[in-house]
Amino acid sequence: MVCKVARSKLFQYMDGELPEEQACALESHLAACPDCRRLAELERSFSERYVEPLRPAPTPQRVRDQVTRFLDALPDRRPAAQRLPAFLRARLLAGLALFVLGTLLGVGLGKLLGHGGERPWNRPETSLLRLADSSVERHQKLARGILPYDIQRVAPKAAEQWFKGRLNFNVSLPELTGDDLVLLGGRISNLEDLEVAALHYRVEGKDVSLFIIPLEKYKTLGLGDSPKFKMVNRQGYDVVVWASHGAAYSLVSEIGGRSCLVCHSREEKLDLPPGSRVHDKL
Amino acid sequence: MDEKTEFQELCLTHLDSFSNYALMLSRSASEAEDLLQETFLRAFRSFGSFKHDLNFKVWVFKIMKNAQIDRGRRLRVRPAEDEWRGDDGQGQDLAKEVLLYPVPLNPEETLLRRITLEEVREAIRGLPHVLREVVELREIEGLSYQEIAGVLGKPVGTIMSRLYRGRNLIRSLLQEAPSADALKSRSAYGL
């Protein structure tokens, strides 16, 4: 083996990735060639001093906490099909047969068993709050400019066009109906595990975020149709959630019902929940 | 231990590695957090197919890479590879590099400078994306060539080539006057 070939194999050799035969040939060369042996020793010293101590940078505590919460919220059972041992498969099949029988008899087995195996998102009492919390978290990032736009300063129709083909559901945006309403930008984002279109508006000088959710995913949250507009206040933000025209929406702002100007004209009559004050300021 | 608990423990054990790789693949810290969550969700859904004799970290890296590719496809972001012509020998960078680094650069000058680990990290961060990805997966994460090839979906030969170039560029970046030193290094070895 000549020096040039030996040196070109040095990294592979030190990584333990050189085939045995070539490694033996290289070792023979190093034993016989002081220049190459010195280079190999220097490489080893370099690696020991500067490469081996390298470790991934520690995850910031905030991100670690966020990930921990996210992992805790995962369902107890994986949603996807799982290969089970034969005896468990037999039990599962028996359970399925029972469920089908129960459904045929008009008795939902799930009703009898409660919500034990469901994903947390599926419980109406928690899914609205979780959707709202997630919307608020994304709204804050959009408003602070730490979640970059994929598109910005475009007309609603151009934004619709941009989302078309990138998301597997239709994004339909209302026309802007006043000088004090501006579409600042949009991006594809996530509300927990839901992929959504995120739009950032400025209404009367205030930040408003609109998240558009595919209807079939929204339906899995079990929120129901009544009241049509579900309003909660989370961390000081007003969050309005509703479904309409083949999609679902989550609207976040600090300006209560005035944020609804993103979608509705001031004259439009709305189906409000009893006692709701969300549209009072319209 | 149930499946969810096992999955959680594995994710948190390797969280530093996962968050670093997510940051490397993303345009911002927020996007990295999105990618991290999407990756964990995908991984959890497929956890039943994970073979426990395999490396969990490698398995998740691969899922993350695919998630990022899918996202880039949706956004029609040009992949980083398009900006690098080093693998096919058609780009000027490769021609220049081959001229400068036919063999590994002499590490002696870098050793003599007594550089800090932070300088090494900075040099790695200064690499072109495709080289940095391979160098980090090898030098920081300790993956084998075969494992890196599996994560990136590239042949092992491409990984070796990128690693070789990346390492030499790091040495070059760590030296005070790269081009002069590189030439000196070449002459010292009679090249």
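How many residues does the contact take from chain B and from chain A? It takes 45 from chain B and 45 from chain A; residues are in contact if their C-beta atoms, placed from the backbone, lie within 7 Å.

This is a predicted model: local features need pLDDT of at least 70, side-chain atom pairs count only at pLDDT 80 or more, and totals for chains, interfaces and linings use all residues. Residues are numbered from 1 along each chain as its sequence is written, with chains lettered from A and ligands numbered from 1 in the order written.

**Stop 1: the side of chain B that touches chain A.** Select α3 (29-45) of chain B. Helices are DSSP runs of H or I, at least four residues, numbered from the N terminus. α3(B) gives the most to this side, 10 residues. By class, this side has 21 nonpolar, 12 polar and 12 charged residues (nonpolar: Ala, Val, Leu, Ile, Met, Phe, Trp, Tyr, Cys, Pro; charged: Asp, Glu, Lys, Arg; polar: the others, Gly among them).

**Stop 2: α7(B) and α10(B).** Select Glu119(B), Val120(B), Ala123(B) and Ile124(B) in α7(B); they meet Ile170(B), Leu173(B) and Leu174(B) in α10(B). Six of the contact residues are nonpolar, none polar and one charged. The axes come within 9 Å and cross at roughly 125° (lines fitted to C-alpha atoms over the stretch in contact; angles run from 0 to 180 degrees between N-to-C directions). α7(B) and α10(B) are therefore oblique, a class left over after under 35 degrees (roughly parallel), over 145 (roughly antiparallel) and 65 to 115 (roughly perpendicular).

**Stop 3: α8(B) and α9(B).** Move to α9, residues 145-152 of chain B; α8(B) packs against α9(B) at about 135°, axes 10 Å apart. Show Glu133(B), Val134(B), Leu137(B) and Arg138(B) of α8(B) with Ile148(B), Val151(B) and Leu152(B) of α9(B).

Note on methods. Two residues are in contact if their C-beta atoms, placed from the backbone, lie within 7 Å. Helices (H or I, at least four residues) and strands (E, at least two) are DSSP runs, numbered from the N terminus.
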